[in-house]
Amino acid sequence: MPDETFTISELAEQLDINPSTIRFYEQKGLITPGRTKGNQRVYTRQDRGRLKLILRGKRFGATLDQIAEMIGMADDTINEKSQIDTSLYYIDRKIDDIARQKNELDLFQADLMALKRRLQKRRRELSQIHA
């Protein structure tokens, strides 16, 4: 079904998003649907695939500019290898960010546990004094 097309409503339902989200990505230049003679948007399988990549990028916390680079919208001359290299660059950055956040959370958890132990010890001391 390479010639399969979708209306904005069909595509929104398939991807579980609002049609306004699709129009927003179109406005930002991330997708470019065709138009019928009546000027209605017509989306191809390629548009649907591109939207899936955009949504995946958003879930991973990428900006729209980063997503545009990853899917090759920022540079018309980008080839698939360059597109993959760009995606890997952003993925590596995100992995590093997550590792840093995880480390910060581990430190925060250790600080909270230490504070909890001190407070529990002090509570026991106070219980003994008032017993």
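Student: How are H1 and H3 oriented to each other?
Tutor: H1 and H3 are oblique to each other, the class left over when angles under 35 degrees are roughly parallel, over 145 roughly antiparallel and 65 to 115 roughly perpendicular. Keep in mind that this is a predicted model, where local features need pLDDT of at least 70, side-chain atom pairs count only at pLDDT 80 or more, and totals for chains, interfaces and linings use all residues. Residues are numbered from 1 along each chain as its sequence is written, and side-chain values use heavy atoms, leaving out hydrogens and water.

Student: What are the angle and axis distance for H1 and H3?
Tutor: Helix H1 (residues 8–15) and helix H3 (residues 45–59) pack at about 45°, with axes 11 Å apart. Axes are lines fitted to C-alpha atoms, for helices over the stretch in contact, and angles run from 0 to 180 degrees between N-to-C directions. Helices (H or I, at least four residues) and strands (E, at least two) are DSSP runs, numbered from the N terminus.

Student: Which residues of H1 and H3 meet?
Tutor: From H1 you have Leu11, Gln14 and Leu15, and they meet Arg48, Leu51, Lys52 and Leu55 of H3 (contact means heavy atoms within 4.5 Å).

Student: And how do H1 and H2 sit relative to each other?
Tutor: H1 and H2 are roughly perpendicular. The axes of H1 and helix H2 (residues 19–27) come within 8 Å and cross at roughly 105°. On the H1 side the contact uses Ile8, Leu11 and Ala12, and on the H2 side Pro19, Ile22 and Arg23.

Student: Switching to the sheet: what's the strand order?
Tutor: S1-S3-S2, an open sheet of three strands with antiparallel pairing (strands pair if DSSP finds at least two bridges between them). Strand S1 (5–6) and strand S2 (34–35) are at the edges with a single partner strand each, so one side of each has no neighbour in the sheet.

Student: Which residue stands opposite threonine 5?
Tutor: Threonine 44 in S3. S1 and strand S3 (residues 41–44) pair over two bridges.

Student: What about S2 and S3, how many residues are between them in the hairpin?
Tutor: Five, and asparagine 39 in that turn has a positive phi of about 70°. Arginine 35 has arginine 41 in S3 as its bridge partner.

Student: Last one: which strands does H3 lie across?
Tutor: S1 and S3, with H3 running at about 80° to S3.
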